[in-house]
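Please keep the sequence and the model in view while reading.

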Amino acid sequence: MTDLMTHKIRIATTSLAGCFGCHMSFLDIDERFFTLCEHVVFDRSPFTDIKHLGEHVDVGLIEGGLCNAENVSTLREFRDHVKILVAVGACAINGGIPAMRNHIPLKECLEESYLVAVGIDSPQIPNDPELPLLLDRVRPIHEVVKVDYFLPGCPPSAEVFWTFLTDLMAGREPQIPEAQIHFD
Amino acid sequence: MLCEIVDRHGGQATSLLQILIDVQMRFRHVPPRIMTALAGMLHLPRTQVEAVVEFYRFLSVTSVGRFDVRFSDSVTDHLLGSRDLAARLCQRLGVKLGETRVDDAVSIHLTSCTGLSDQGPAALVNGHVLTRLDGDRIVQMADFIDQGMDLDTWPKNWFKVEDQVQLAGLLLEGELPLGASLERALTLHPADIFSEIDRSGLRGRGGAGFKTAAKWRFCYEGEEGAVPGDPTIARYVVCNADEGEPGTFKDRVLLSRNAQDVFEGMTVCAKAIGAQHGFIYLRGEYRYLLDSLLRGLKVRRLRGLLGRNILGVEGFDFDIEIHLGAGAYICGEESALIESLEGKPGHPRNRPPYPVTHGYLGQPTVVNNVETFAAAARIMAYGADWFLSVGTPESSGTKILSVSGDCERPGIYEVPFGSPVSDLLRRCGADDPMGVQVGGPSGTFIGPDEFERILGFEDLPTGGSMMVFSQARDVVAIARSFTHFFAHESCGFCTPCRVGTSLLGQLIDKIAEGHGTPHDLIEMTQLAAIVKNTSHCGLGQTAAHPLMQTLERFPERYQERLKTLFFEPGFDLDGALEVSRQMTGREDAHAHLTQSG
């Protein structure tokens, strides 16, 4: 990690099948964000609105699981370009709330939403090629790519993000204290 | 009708499971209204009744068929083609596996090992045992079921269960005269009974090998500070006949031909520890033995060997009750078994305190294996020296083994402790063994360079299951089957086991189906350590053994299945879009995904 001493760490973030809650929690590091920005530079991220990852990115933070084909493509773009891929929060790690639809067959979900529910005008299943196709089940990201670290929580607290990134910046193996990931 | 069932079982909350088993038999399920009624009659919360119904596999909230067929799904049954037979029966009868046909005529399920590995493929139909199934029988069976033919009219030989004792030793040779050991025990003070059993070196035959005399003495003495043998304290003798470890069937044979020895051993124990009540916890799969066991108990009562004032000794009262299990492997764990005896779901208890001081209803309880009681009876009759004449210093006496799998002569072998595995392999006619699963899935898998290891507590302890696998078998498939067995049988009480065993199952599926990468093997090894070290009871602590032991011995069998890629999903990624493609009619480039990045 010696190059990190001289170069700023490049971080990319995204939210797949998530609620952006993890990103909001990340921002809860508040004024420490300025300290962070002295050491890191954001690549593709909702913070920058950059659409695709640069060639060499150090850390990729993934919020949310996989619910459609676009999620899979985005995740793979991250895996291909980042050195360290991190599953952030319950949905990335386990599928979370979006995975509750896994108990209902996808066909029934789509029919209920677009064909049979009360109040639907001109029922049809949207099929524009612009729209990503849904996967039959919502999956955690580690089922599709190798994940290097997992930050648990719904969302992980700001402290977890801070500990994780400051450990990385200091060149240490990240170690989240139990108190920060102990929820009951 | 419900009142009659409840009364028959004494109307106690502890009989809940026994009552529900009868209800299930009567109605082919446990209707919600009956759960409500039972909760009222037994003064239990309705949720507790529901919890019991949901816990045991032989109880159901939806109706099973008038013919309820359950194919034994042990790996040894697989080797004999059981899965194929089950599929054929389903197909002929037009019913899906695990479901009940719309006309309620039939339901077909898979169930964990039914204890007939030496004469499989086996199945249960309405609780009756079918052995040596084959394609012809499946065809006929389908006809019988479709014609609604009563089980009494099915060919008798289909239900034939053979003992197949291939080698008899101390316990299976000859007959112990009825009451012989009890008469000797009556001449002895409890301390002398303990010391005789202690001198014989008898250790628990269920696999763990705890010293039997110590267990009995702890129960007699009670907690620290208690008066040893305090007659005001109720103590219990429990015989663990929940022989669920896949590949084990020696207790079935003991209970069919030597049940009196087992009863006698329990009575000797009762005499020693001062117990008045005994239970045999008989696994539901062995229900077909119930009538003969009840007859055996009746004989003892008539002979004054059970009941009040046994053999004329004033105040020596003891009787034995049989409780049935209902298809839960975990109930073989002694504290789960006690929970089940109390009519509750079979969740293992926290230990300590141990059952010897806090067992059935919180009272001091001895729980021993069927074989242990049978051995204790003979030791009492013939003396400790007789038992010590066989075996090794650490493991005296013999061990009854259930041998199944790829060998000429499967069945029961009673061998002296200290015999090498190779000796047994020769006897049973295993020509070309690749490995032996000693002690069932929770035991040890050994490969060819370990066949000289000896059976005994000093090397290879075993509850009695010996599954032999030939060179033609796929070791990864075997480990996979055992891993799914544990995931299926996890009681769900603790997270590391409930979730961990399922994740292990998914990982081995991924590897076995050719989607695994080196990363997955590392992942599996790490997960195995977590499941082993953090699970609540022995089930979770041993659930990863099959994977880890075979990985250690046959790493090449695993590695040859791995992709050289960094990572690949364990499921068909493009297939996961199929429903969406069909419903939208799309076939454009974005409507597909490649399997590996």
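Which helices and strands of chain A and chain B each supply at least two residues of the lining of the largest pocket?

## Basis of the model

The model is predicted, with local features needing pLDDT of at least 70 and side-chain atom pairs counting only at pLDDT 80 or more, while totals for chains, interfaces and linings use all residues. Residues are numbered from 1 along each chain as its sequence is written, chains are lettered from A and ligands numbered from 1 in the order in which they are written, and side-chain values use heavy atoms, with hydrogens and water left out.

## The largest pocket

The elements in question are helix H5 (89–94) and E6 of chain A, together with helix H19 (495–512) and helix H20 (518–534) of chain B; helices (H or I, at least four residues) and strands (E, at least two) are DSSP runs numbered from the N terminus. H19(B) gives the most to this lining, with 11 residues. A pocket here is an open set of points on a 1 Å grid over the protein atoms alone, with protein on both sides within 12 Å along at least five of seven lines, and lining residues have an atom within 4 Å of a point.

The space in the largest pocket comes to about 1,800 Å³, a volume being the space filled by probe spheres set on grid points joined across faces, edges and corners. Of its 42 lining residues, Ile93(A), Asn94(A), His142(A), Leu503(B) and Glu523(B) lie nearest the centre.

## The second largest pocket

The second largest pocket has a volume of about 1,300 Å³ and is lined by 46 residues, with Gly206(B), Gly207(B), Ala208(B), Gly332(B) and Glu333(B) nearest its centre. H21(B) provides the largest share of this lining, 4 residues.

## Where the chains meet

At the interface, 24 residues of chain A are in contact with 24 residues of chain B, contact meaning heavy atoms within 4.5 Å. The area buried between the two chains is about 2,100 Å², of which carbon and sulfur atoms give 68%; buried area is the accessible area (1.4 Å probe) that two parts lose on being put together, summed over both.

Between chain A and chain B the count is 0 salt bridges, where a salt bridge is a side-chain nitrogen of Lys or Arg within 4 Å of a carboxyl oxygen of Asp or Glu. Helix H4 (69–81), helix H6 (106–116) and strand E6 (134–139) of chain A are the elements that give two or more residues to the side of chain A that touches chain B.

Methods: 1 Å grid on protein atoms, 1.4 Å probe; cavity = no way out; pocket = protein on both sides within 12 Å on 5 of 7 lines; lining within 4 Å.
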